[in-house]
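User: Could you walk me through how to read helix packing and a chain interface in a model like this?

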Amino acid sequence: MFGRRTLLATAAALALAIPMFGGLGGAKAQQPPVRIAVIGPMSGTGAFDGQLGLEGAQAMAAVINAKGGVAGGRKIELLTYDDKGSPEEGVSAAKRAMEQDNVDLIIGGWFSAVALSLKEATRDKIVTVMTSSQHPKVTEEGHKYLFRLNATSAMMSDFYSKAICERIKPKSVAFMNVNDDWGRLDLENYTKLLTNCGIEIKGHEFYNRTDTDFNTALTKLKALNPDAIYVAAINTSQGATIYRQIRQIGYRGKVIASAGNMNPKLVELSGNSLENVYSATPFTEDNGAPTMKPWLEEYRKSFKNEPSFIASLGAQAVEVLAFGVNAAGDPRAYDKIAAAMKAQPVPTVLGEVRFSDQGQATQTIHLVQVQKKQIVSVRD
Amino acid sequence: MDVTVFAQQIANGLVNGMAYVLIATGLTLVFGVLRIVNFAHGEFYMLGAYITYFVGTLLGIDYLAAAAIAAVVVAALGIAANKLIFWPLRRDHEFTILLSSLGLALLISNGGELLFGADPKYVDSPFADEVLDIGAITLTQQRVLVFAAAVVALIGVYLFLRYSRFGKMMRATAQNPDGAALTGINIKLVHGYTFALACGLAALAGALVGPTVMIFPTIGNWAVLKGFIVVIMGGLGSVTGALFAGLLLGVIESLGGGYISLGFMEAIGYAMIIVVLLWRPNGLFSTARGLR
């Protein structure tokens, strides 16, 4: 005698049980993804740099996922957060990522000012990879789970100042630097290094991260009559405006672009004003790294921008985290992940990268020059 | 003090100031005639620059024609914004209107980011890199064009307000909207073309300034901020006030940045507002309500 109640109860029990068995059966194929927060400048004047880095990371995640993912078949999932280029927004984004969205790992730190406060929000709590920021304190005062990919200003300037002294050889230099932690430190480094090789320092100007017009500052620099103007601009749109306006105010001398800040978009936006300008960068497409080719293909297939240094840093961030998670077998085993990343050179899109005990990467740096609107490596 | 550098900084300041005037004139017109504080004004500046860019690159039309097209298209968008948002809300509390304009600003700038992409773009102009040496002063043709075109546009606006039938209707509406309506002036029409004029001027500013810098979807924030500084300094609703305050702001910023500190340049505008508000709370050129 089956009452309606019994039938209903059986049906309910079956309904509950089927997905349970189904769940068990599909566990191998449907593992939860490894969730990585990408905290970068997605709006405001730094938005383009944020976008490039994110695209680089997405292309690399696609390459890794296509090859079967990490830690035995788990896919990488990227979650995007906007730090608007501001330290306060960066900290609140990190808190949202960790507390609300419960992410496994963090990529962030496009700008030094943001990286410096972001590292405090993630201190000893979560593995954090900083991308393009160059301020030495990011890693000098970092934490046990903190890594930074870009060469520090000091590493870049050691290499690049040699090239300026020996190859570009200006008699005197005036500096046009962004007024933030990185820009001030960059000025300090190069003032010291270029003075040592006998180049006269005529003066400097600091511009603000929100400025859109640079005529006032450049007029002052032109009046100093320097043999070369050195421009330290991270932000692509400000950089392009500065390079154009240097020529528009009638300055005819040499122009030197700061290390790490040359990209195809900058060249495109700057017109002829970047012709023959030098820079230094860890990114060249012909470096022979095994993942460079698939990454370039995936990037060009998915995005309309040209692959750039900042995009390659986004890719490298995903790669080093994937390496760490693979070695540890679990995206939450932070001690194991950090130890694995520091133990041996990690193969990446920019060649093998070594991390110091403080989590600072050592990258190979190349001298590049803009020739006929192309960025080409200068080899001795 | 080097006279050449001083003269150059004054010239830089006058050009920047003239761009501020062009932005602020539309803002002050909308306030003077319609009593609307339009936070979305900067977005029409941004649209002006972007439409010039797209008309130039996609349709291959030359820069000056592209700029004119942008001004006309954005003027039409201004009419649409009025029809959809500002006209229906005209009887509501001014905070409602103010917040709606803020909403519109966010909608346009975020929509712009989605539609145009976050990457900076460059509005190509044949005058951008051509350097003119005027005595000891160096300016690009583009910067001379910014100044000259703004002067022509402002004279046009002045003549329009002073002598045309529409201009007189606008002034009447500014003085007393109900009185103007009673004499048979079509207030709805006045609303429409005040917005068209204001947004067209903002777009023209964007099209002219575009080739001197890089454009990206959030440049409207910068434009509306400068516009408000100028409008508050010159007196809300005063076109003459906007002219003098804009040029003054440009020159003082340039000299302040040149001789005191660049870091101080942004602060100068705000400092000037405080001084003006303490000394003349209604702005430099304000006497009574209405368009001046």
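Predicted model: local features only at pLDDT ≥ 70, side-chain atom pairs only at ≥ 80, totals over all residues.

User: Which residues of H2(B) and H9(B) make the contact?

Analyst: On the H2(B) side you'll find His41(B), Gly42(B), Glu43(B), Tyr45(B), Met46(B) and Ala49(B). H9(B) brings Ile219(B), Gly220(B), Asn221(B), Trp222(B), Ala223(B) and Val224(B). Sorted by class, the contact of H2(B) with H9(B) has 7 nonpolar, 4 polar and 1 charged residues.

User: Now chain A. At what angle do H2(A) and H12(A) cross?

Analyst: The axes of helix H2 (residues 47-66) of chain A and helix H12 (residues 309-328) of chain A cross at roughly 40° and come within 6 Å. That makes H2(A) oblique to H12(A). The crossing of H2(A) and H12(A) is right-handed. From H2(A), the contact includes Gly53(A), Gly56(A), Ala57(A) and Met60(A), and among the H12(A) residues are Gly314(A), Ala315(A) and Val318(A). The contact of H2(A) with H12(A) splits into 10 nonpolar, 3 polar and 2 charged residues.

User: What does H12(A) do with helix H13 of chain A?

Analyst: H12(A) packs against helix H13 (residues 334-343) of chain A at about 115°, with axes 8 Å apart. H12(A) passes H13(A) in a right-handed crossing. On H13(A), look for Lys336(A), Ile337(A), Ala340(A) and Met341(A); the H12(A) residues in the contact include Phe323(A) and Val325(A). The contact of H12(A) with H13(A) counts 8 nonpolar, 1 polar and 1 charged residues.

User: On to the interface. How many residues of chain A and chain B are in contact?

Analyst: Begin with the counts, then turn to the area. There are 35 residues of chain A in contact with 30 residues of chain B. About 2600 Å² is buried between chain A and chain B, and carbon and sulfur atoms give 55% of that. On the chain A side, Thr216(A), Arg244(A) and Gln248(A) lose the most area to chain B, together 23% of what that side buries.

User: How many salt bridges does the rule find across the interface of chain A and chain B?

Analyst: The rule finds 3 salt bridges across that interface.

Methods:
Residues numbered from 1 in each chain as written. Chains lettered and ligands numbered in written order. Heavy atoms only, no water. Axes fitted to C-alpha atoms, helices over the stretch in contact; angles between N-to-C directions. Helix = DSSP H or I, 4+ residues; strand = E, 2+ residues; numbered from the N terminus. Parallel < 35°, antiparallel > 145°, perpendicular 65-115°, else oblique. Left-handed = near helix turned anticlockwise from the far one by under 90°. Contact = heavy atoms within 4.5 Å. Nonpolar A, V, L, I, M, F, W, Y, C, P; charged D, E, K, R; others polar. Buried area = accessible area lost by both parts, 1.4 Å probe. Salt bridge = Lys/Arg side-chain N within 4 Å of Asp/Glu carboxyl O.
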